[in-house]
Amino acid sequence: MNKTNKTNKTKKMYKSISLLLSTLFFMMTLVTDASALPASLYESQSTETITAGAVREHISRLTENGWLNINVLRIDTTHPNIKIDTLTQDSITQTLDTVPALAQQNNAVAAVNASFFNALSSGCGYADGPTVRSGKLISTAGWYNLRYNDMASLCLSQSGDVIIDYWKNEIRLFGPDASTYTVSQYNQPSRRNYTDITILDPKWGAMTLGALAAYPDLVEIVVSGGQITEVRQGSAPTAIPENGFVIISRGDQAAKLIQSMMIGGQASFSITSSPDWSSLQLAVSGASVLVKDGRIVSNFSFSAASFDKKNPRTLAGCTSDGKQLILVTVDGRQDDSIGLTQRESAELMLQLGAYQAIILDGGGSTTMAARVPGTSQLKVVNVPSEGALRPVANAIGIFSVAPAGTLSELTIETENTNIFVNTSRKFTLRGVDQNGNPVGIDSDAIMWDVTGIKGSFTGSSFRPTSVGNGIITAKIGEVTAQLAITSLSAPARLVLNPSEITIPSGKSQTIKVTGINAEGFAASIMPEDIQWKTSGTIGCCQNGEFQAANPGAGYIQASIGNVRASCAVAVSAEYIQTVYDFENNLGAFTGNSENARGTYDRGSQQVYSGQLAGQLVYDFLYDSVNPSEAAVNFGAQGIVLDKNTVNLALWAYSPSANTNKLMGEVVDASGQKHQILFSGSMQWTGWKQVTASLSTIKSPCNLTRIYVKSTDPANTGGIVYLDGLTATVKNNPVIDKSKIPQDTVMSDKANRKTAFQKGTNNFRFAVFGSNTLPRNTIQQQKLGQVKLSVNKNMDLALFTGTNAAKLTGGITKTVVKTGTGYKTYHYKNSTFIQLDVSKGGLRRTNPQQWLSLFQELKDSNGDHLFITMDGAPSAFINAKEAVLLKDTLADYHEVTGKNVYVFYPGSTDKTELDRGVRYISCAGFTAASAGKQANMVIVTVLGGQVTYELKAL
């Protein structure tokens with residue numbers, strides 16, 4: 001969403017600043033120190049207030065090694081309306097939850113994952129180290145950092161001071177006979193098989209451990225109100241007293257406790273720590289101290305192989321006065337953010353102003369959530385590496401304790417600040433009070449206005465009737481907000497997303513429309529501004545929502561004025577087909593080895609439908625290396641399947657739950673066998689329908705086996721009943737592209753023949769692009785035509801493509817050719833830049849090119865910029881780098897008004913305009929090899945005017 005407020009600059013002013021100062025703020029000299037952060041090539045930053053006293057910064061940084069996606073929370077620990085606390089479940093034995101879930105449950109406005117943790121059973125886990133929440137010690141271990149400093153902790157004192165140090169503590173148990181004992185852990189599992197002493201209280205959970213299979217002799221001493229009430233050995237779990245605790249041990253240590261801890265006696269325990277936990281608001285555990293007193297530590301106290309590699313990181317630190325908490329996430333293991341090593345993490349924290357810093361749990365745990373300004377909605381602002389949120393033991397939560405205030409500031413949000421003339425755009429107004437907390441908005445109280453362009457409002461929707469830059473203003477009382485918008489000339493081309501739909505009958509699909517005007521500026525178009533048409537009886541489309549009806553192929557056409565685009569549609573028919581009902585005699589028992597024995601028959605003992613069901617009896621000799629398989633084998637031909645089968649469903653009766661797999665074997669049209677999974681385990685009793693997907697099997701032909709695969713050493717024998725085998729068949733109609741109307745083709749006003757006239761700043765050059773060399777005599781002759789034309793009629797030439805350097809022999813004029821590194825050439829009033837993207841992008845080929853490009857754009861005095869490279873931006877391995885290149889050139893064009901052309905090889909000759917920048921694909925001999933006309937591009941420069949044309953060879 002685009003948003004701004006009354007203090008924001010207009011879009012154009014922002015672009016001017018970002019472009020003209022880019023080399024001052026965003027570029028660094030490349031360094032060679034292997035331990036240093038990778039050198040920065042480009043960086044963008046944004047800041048938003050979460051609540052008074054807490055701001056979030058987002059940093060997107062392109063380095064010589066790749067992108068870094070960095071999120072930073074800065075919290076004033078002394079702000080009267082800020083509270084910082086540990087987020088965790090009410091008891092350790094509760095199921096772990098994700099960072100946003102913990103934050104939402106506790107009404108936090110922001111949160112970041114914290115402690116390293118260890119897994120318990122059933123989705124539970126505990127923090128690996130001390131945890132303090134709301135001034136209460138939740139758990140710790142007496143041995144933590146006892147012998148040497150290993151794992152540091154992040155603490156916050158009751159007075160708001162951030163403390164990063166190595167936590168040490170002592171846990172003592174006091175018995176009725178004045179005896180004392182050293183306790184190893186408090187509300188944590190024993191790491192010595194409970195031969196030491198563990199204390200659990202209600203923060204652990206409701207119940208004790210009880211005798212476990214591994215520890216049948218476990219002793220549990222129950223203390224309630226300071227008095228020993230029960231001594232249990234080898235017993236089932238019991239309730240932990242609300243006002244007491246339980247002492248747990250076994251072996252020799254337990255024997256000593258039993259002699260001392262008599263029922264009716266007094267017992268207590270104490271925990272002392274450094275720092276003193278009783279003076280803390282929160283504490284979470286991390287690993288190494290990264291930065292101490294403004295310097296990176298000489299040796300990190302904890303290291304592992306993953307710490308020396310680039311990975312997602314969660315980091316924490318504070319300023320020199322200890323009053324600002326800095327929480328940081330750096331995404332990793334993805335092309336848009338490569339992550340950091342431990343050393344690089346320390347350097348980043350120094351860059352961000354940390355005087356003390358610590359590394360917290362990272363990897364798949366790295367998560368930051370923050371409230372969307374003006375709302376109560378929490379949003380994950382980073383990109384977790386596993387593609388899903390990982391449940392964690394705890395997090396650090398930021399809270400606003402400010403009382404509700406009155407409206408102080410407004411923000412206007414919209415999907416896209418570009419709007420086509422005579423179309424509409426909806427706006428949303430959000431408000432916050434003086435503390436940055438959300439305030440409800442009465443839509444009837446909003447006064448909307450626009451300046452700079454003409455148009456009208458209908459509620460919160462605006463429809464411009466003139467072209468140009470405008471300012472939308474929203475006002476409630478004396479509080480106003482403004483948003484810069486641009487009303488674009490009418491679209492010259494439409495793009496539908498998706499461009500092709502395959503959909504089952506009865507389902508729906510949303511279609512989004514983007515328009516592009518004659519200058520290459522794009523904007524989304526509201527579906528109600530589009531005229532929709534659907535061919536035949538395949539369905540109907542209203543306001544961008546297609547409802548599939550009758551099976552068949554056709555198209556949806558979207559139009560605005562005389563500009564049209566179509567989306568090909570195939571409405572499929574999906575139906576259930578009975579494959580085998582087990583009433584007739586098909587199949588026989590087979591085992592895959594001598595370890596798999598059994599029988600197969602049909603009978604009436606258990607039947608789901610009809611009179612009979614299959615009975616597969618299996619008896620395995622368990623082998624984990626070569627699992628046994630007991631099968632119903634349907635013979636070499638098997639059961640015939642429709643080639644459009646997408647899944648098989650089978651009713652299976654299991655007398656007892658087990659973890660053996662129920663599988664099948666399908667042969668495709670080429671004779672290849674595929675193993676399909678009906679169920680990963682038979683963890684049920686009675687009848688259950690299980691389904692196996694065939695979506696990845698091209699043209700399935702036959703089902704040859706249904707079998708049980710041995711994976712459960714405790715259940716090596718049994719029986720499963722089979723019935724009602726059905727197939728879901730999906731027939732997809734073939735789309736005939738010749739029957740789909742052609743989309744409106746956008747013409748380029750610069751693509752025209754222009755008579756050349758000699759002049760001071762007038763010249764011509766030829767562009768020839770090809771990824772292939774001449775393959776025959778005709779192509780050799782055509783290449784000769786290009787060279788002759790250049791030598792005779794052109795001032796210079798651009799050759800682009802993987803073989804550009806091999807095509808230029810014999811040309812006497814200056815040649816700019818790709819494949820020879822980064823180069824810049826100035827001619828008359830124009831600048832020519834040669835970019836090398838041969839390895840899939842500028843950075844991957846040579847990161848120094850970015851610095852050179854930024855510097856050239858800053859220093860260039862010419863009227864025109866011509867760039868040649870050996871691949872299209874769309875071919876970059878990293879799409880984000882391609883977007884950066886296109887944004888950089890579009891900003892340059894908007895700020896300077898200069899013509900910008902980019903030439904590269906392609907499979908066809910075509911031009912795409914993007915925000916005034918022309919991207920021209922040159923096919924050369926690639927087109928000729930495909931049976932198309934081979935062309936070269938002739939560019940004519942007449943002072944401030946640039947035109948081009950395709951000339952056939």
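Student: What does the side chain of Asp 196 make a polar contact with?
Tutor: With the side chain of Ser 190, at 2.9 Å. This is a predicted model, so the distance is a computed one.

Student: Where does Asp 196 lie?
Tutor: In the loop between strand 15 and strand 16.

Student: Is Asp 196 buried or exposed there, and what is the nearest side chain of opposite charge?
Tutor: Asp 196 is buried, and the nearest side chain of opposite charge is Arg 192, 4.9 Å away. The cut-off for a salt bridge is 4 Å from nitrogen to carboxyl oxygen. Asp 196 has no salt bridge.

Student: What else does Asp 196 touch?
Tutor: Leaving out residues up to four places away in sequence, Asp 196 touches Ser 184, Gln 185, Ser 190, Ile 248, Ser 249 and Gln 253.

Student: OK, salt bridges then. How many are there?
Tutor: The count is 22. One of them joins Asp 128 and Arg 191, with the closest N and O atoms 2.8 Å apart.

Student: Buried or exposed, for Asp 128?
Tutor: Asp 128 is buried, with a relative accessible area of 15%. Arg 191 is partly exposed, at 43%.

Student: Which residue does Glu 344 form a salt bridge with?
Tutor: Lys 310, with 2.7 Å between the closest N and O atoms. This pair also links distant parts of the chain: Glu 344 is in helix 5 (residues 342–351), while Lys 310 is in the loop between strand 23 (295–296) and strand 24 (313–318), 34 residues apart. Glu 344 counts as buried at 6% relative accessibility, and Lys 310 is partly exposed at 27%.

Student: Which residues do salt bridges with shared partners join into one network?
Tutor: Glu 629, Glu 665 and Arg 705.

Student: And what about Asp 201 and Lys 203?
Tutor: Their side chains meet in a salt bridge, 3.2 Å from N to O. Asp 201 counts as buried at 7% relative accessibility, whereas Lys 203 counts as partly exposed at 24%.

Student: Switching to strands. In what sense do strand 37 and strand 38 pair?
Tutor: Antiparallel, over 9 bridges, with strand 38 covering residues 479–488. Within that pairing, Thr 473 has Gln 482 as its bridge partner. The hairpin of these strands has 2 residues between them, and Gly 477 takes a positive phi near 60 degrees there.

Student: How many bridges for strand 34 and strand 37?
Tutor: 5, again antiparallel, between residues 447–451 and residues 468–476. Met 447 of that pairing stands opposite Lys 475 in strand 37.

Student: Last topic, the largest nonpolar core. Which residues touch the most other members?
Tutor: Leu 648, Leu 650, Leu 662, Ile 676, Phe 678, Leu 703 and Leu 725, out of 34 residues in the core. Strand 59 (residues 717–731) supplies the largest share, 5 residues.

Student: Take Leu 650. What does it touch?
Tutor: Not counting residues up to four places away in sequence, its contacts include Phe 582, Leu 662, Phe 678, Val 690, Ile 706, Leu 722 and Leu 725.

Conventions: Residues are numbered from 1 along each chain as its sequence is written. This is a predicted model: local features need pLDDT of at least 70, side-chain atom pairs count only at pLDDT 80 or more; totals for chains, interfaces and linings use all residues. Side-chain values use heavy atoms; hydrogens and water are left out. A nonpolar core is a set of buried Ala, Val, Leu, Ile, Met, Phe, Trp, Tyr and Cys residues joined through side-chain atoms within 4.5 Å. Buried means under 20% relative accessible area, exposed over 50%, partly exposed in between (1.4 Å probe, protein chains only). Helices (H or I, at least four residues) and strands (E, at least two) are DSSP runs, numbered from the N terminus. Contact means heavy atoms within 4.5 Å. Two strands pair if DSSP finds at least two bridges between them. Lys and Arg count as positive and Asp and Glu as negative; His and the chain ends are not counted. A polar contact is a pair of N or O atoms within 3.5 Å; within protein, one must be able to donate a hydrogen and the other to accept it, and residues adjacent in sequence count only if both atoms are side-chain atoms.
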